Amino acid sequence: MKYNRVLLKLSGEALMGSQQYGIDPQRLNDYAEEIKVAVDKGAEIAIVMGGGNIFRGLSGMSKGVNRLEGDYMGMLATVINSMALHGALENMGVKAKLLGALSINPIVCLLYTSPSPRDRT
């Protein structure tokens, strides 16, 4: 394998498959299977998941949604998509950890915080 560590960005819209919205279970499982193949070959994979298939703050503004609320709705969509992929990976026996920037009950998502400057020394 050429790379041992991989950063993979998955679009939320890509999870829709041929559907108009939401998550296509077959597309979700296809991604999880491909990730599992790489993990089984020894790759460490970090995944950045998008939430564009559910809500976008900018598009919501034209429909009367406050921009800040719309952005938070988009962040929650990212967590929803991440939970779906996390579950698909775990169901295939791939050990996975879900991290996020929103403070949500630790059962859902561990809070990621960057180290403070004093921790970097």
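Modeller: Accessible areas come from the Shrake-Rupley method with a 1.4 Å probe. By that method the protein exposes about 8,500 Å². Carbon and sulfur atoms supply 55% of that area. This is a predicted model, where local features need pLDDT of at least 70, side-chain atom pairs count only at pLDDT 80 or more, and totals for chains, interfaces and linings use all residues. Residues are numbered from 1 along each chain as its sequence is written, and side-chain values use heavy atoms, with hydrogens and water left out.

Colleague: How many helices and strands are there in the protein?

Modeller: Both are DSSP runs, numbered from the N terminus: helices are H or I, at least four residues, and strands are E, at least two. Here there are 3 helices and 4 strands. Along the sequence they run β-α-β-α-α-β-β.

Colleague: What share of the residues is buried?

Modeller: Buried means under 20% relative accessible area (1.4 Å probe, protein chains only). Of the 121 residues, 27% are buried.

Colleague: Which residues lie nearest the centre of the largest pocket?

Modeller: A pocket is an open set of points on a 1 Å grid over the protein atoms alone, where a 1.4 Å probe fits, with protein on both sides within 12 Å along at least five of seven lines; lining residues have an atom within 4 Å of a point. In this model, A46, I47, K97, L98 and L99 lie nearest the centre, among 27 lining residues.

Colleague: Which element gives the most to that lining?

Modeller: α3 does, with 7 residues. α3 spans 67-91. α1 (25-40), β2 (44-49) and β3 (99-100) each supply at least two.

Terms used
Buried means under 20% relative accessible area, exposed over 50%, partly exposed in between (1.4 Å probe, protein chains only).
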